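Please read the following report alongside the sequence and the model.

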Amino acid sequence: PFSRCRSVMSAPEQPAGPPAAAEAPEPEAANRYEAVAPHWFYCKVTDSRERWIPFSIQDSERLEAAHASGKGQADVTVATSGGRYDVHLQQRQRVAVYWEEEASQVRRCTWFYKGDKDNKYIPYSETFSEQLEEAYMIAVTLDEWKKKLESPSREIIILHNPKLMVHYHPVAASDDWGSAPMEQGRPRTVKRGVENIAAEIPAGEPLQIDHLVFVVHGIGPACDIRFRSIVQCVNDFRNVSLNMLQAHFKKAQEQQQIGRVEFLPVNWHSSLHSTGVDVDLERITLPSINRLRHFINDTILDVFFYNSSTYCQTIVDTVASEMNRLYQLFLSRNPGFKGGVSIAGHSLGSLILFDLLTNQKVAPEDDERGREGSTTTSSTRGVEQVKEILRTLELSEYSDVFEKEKMDRQTLFLCTEQNLKEMGIPLGPRMKLLHYISSKRETQVCTWNSGTPVIRPRGFSRLTNPTFPLPQVSANYPQLIYKPTIFFAFGSPIGMFLTVRGVKRINPNYSLPTCKGFFNIFHPFDPVAYRIEPMIVPDVEFEPMLLPHHKGRKRMHLELKEGLTRMSVDLKNNLLGSLRVAWQSFTRAPLPAVEAAEAEGETSAEAQTETKAEESPEPAKEEASAINVGMLNGGQRIDYVLQEKPIESFNEYLFALQGHLCYWESEDTVLLVLKEIYQTQGITLDQPLPGGQ
């Protein structure tokens, strides 16, 4: 297209010359005309402002091919934007596939004019573009310029020459002098062909999808500092991932080992606030500081909703059903997909996913495959525990009933009065059992035991030691129809919520029932984020893993900070050592030689001690990275901290909010996600990053 553009634009450059000179090259001029190459655009409306965005080269070519072959057919649908949008050619509409969004207008574009407000080029309608192209063809062929066309809205376009084509605004009303519209209207530049408008047109996304990731948002409808939706933020995350794949997985791409990772947003906020709760809140909200109160109602109250039994059930049902729906829809549109599925949650969204994952049930066949024999042993132990409880309550005669129902200690404590009634337990024994359950619930202590499975009302089955849950809101957690490979938590308050719920320690042997990977990623200034590892290893103090910068090495200001710290320690040690030696030589008598030898021995011992003290931080770091943090992430480290930017280090409080909302465009976060996902497929980075695992 660019070579065509140059040949057209360099065509006749002598329209102002004498007529004879213009007629001479006429046969050549006829050969110089070439039809314009169309490109497809869609219209995006933001705050009542229209913005025309080009499809990728790949999508535009597919749309053009379908347009050429689909004439006369009822309607042709073309998947675009990696399969996330469908374009209905006959209706000229772009429709979202996986989420709700207003349909966008689509246009096959060849001619453009410059807009007033932002100097962006706007495409003419397809019908008028055809008229312009026809006039241009005649002008080039006959070498007759100064062509004037009037659009349906009385706008005037004049083709002065191939390089100068002008669009004049219509005038609302003629003045007293009867001036023509083109004389009063402000001229705009007109361009032919998309290659002349300097539009940024992406090449397109790889067709092959290796892995699917569902992303769940946190509180409120806005997910970042610019108040954008989860769809827009996940779009950014996906775009960054494509850039990181090109930068760090280039060899695998060239060898066609990988395609890309698809990220799909999961929205639960709209479902929660469509239950009518907003109307109820409106009645009781005070009229003062109106905007702040409405902001709190729409965002911060989501945390309280999640701690309500009614709305917690709505939220978990929405998240699980939406992820299951998206998964089935994705498979129906990508029948050849063989990759895995992971899930990611931001802020409160990570807590919702954590509670869902802790309540997933392992399929019997997987349970047997994973630990043969242990199931039988555990089941037998559970039945014996129930018999012991019944014996204590003098209800041994009902042991056979509980054994028939395969009731172990864990399921016994989940029983309600209705369950016991359905099992045929009379009223008296039933009351005894319910009283026993109630008394045990009140006297539970939150400590960990590696052997006993655990029960909890809200997503803590097998997470804490008590056989009864803490007094918390209960919910019936739905099951996912797939097993997530990895769970990524961004800026997550999981650790805080576990502590508030009464969990003091997480069993090192505990892992999520159906998900073996768990990464807790946070910015150092994020006020909502909390660590997980100290709950598993409470007796050892160690730092979280520092995420390497996506371009390698640490950020300059962090290296400088560490270097200054190391230098100050060295100076302090050297100064103290020199003072100590000077003081000893001053206070000790110079006789005899034996004492001098002893002094030398002491000095050398002190020097060795200082050397060891100086060297100690390095082994400590190695020890920290190799520390056993349990099986929650398959034996790997769980907590990963981002490196703050230089400007952020000046004031932690000023950038606290930004720290909580930075993950969507964080290359370091995206690179860790890609690295861990592709490691499950045996594919590694082109070059390992310093400090990376």
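Ile 289 is found in the loop between helix 10 (277–284) and helix 11 (290–298), where helices (H or I, at least four residues) and strands (E, at least two) are DSSP runs numbered from the N terminus. This is a predicted model, in which local features need pLDDT of at least 70 and side-chain atom pairs count only at pLDDT 80 or more, while totals for chains, interfaces and linings use all residues. Residues are numbered from 1 along each chain as its sequence is written, and side-chain values use heavy atoms, with hydrogens and water left out.

Phi of Ile 289 is near 35°, a positive value in a residue other than glycine. Ser 347, in the loop between strand 15 (340–346) and helix 14 (348–358), also has a positive phi, near 60°, and is likewise not a glycine. For accessibility, buried means under 20% relative accessible area, exposed over 50%, and partly exposed in between, with a 1.4 Å probe and protein chains only.

| Residue | Phi | Relative accessible area |
|---|---|---|
| Ile 289 | near 35° | 52%, exposed |
| Ser 347 | near 60° | 6%, buried |

Helix 4 (residues 57–69) has 13 residues and should span 18 Å at 1.5 Å a residue, which agrees with its end C-alpha atoms being 18 Å apart; the expected span is 1.5 Å times one less than the number of residues. Within helix 4, Asp 59, Ser 60, Leu 63, Ala 66 and His 67 are buried. They lie on the same side of helix 4 because they cover an arc of only 130° around the axis, the arc being that of the directions from the helix axis to the C-beta atoms. Glu 61, Ala 68 and Ser 69, on the other side of helix 4, are exposed. The cover over the buried residues of helix 4 includes strand 1 (39–46), strand 3 (77–80), strand 4 (85–88) and strand 6 (104–109).

The largest nonpolar core has 103 residues, and those with the most contacts inside it are Phe 214, Met 323 and Phe 487; such a core is a set of buried Ala, Val, Leu, Ile, Met, Phe, Trp, Tyr and Cys residues joined through side-chain atoms within 4.5 Å. Helix 13 (residues 309–333) contributes the largest share of this core, nine residues. Apart from this core lies another, of 17 residues, including Ile 389, Leu 390, Met 407 and Phe 413.

Methods:
Contact = heavy atoms within 4.5 Å.
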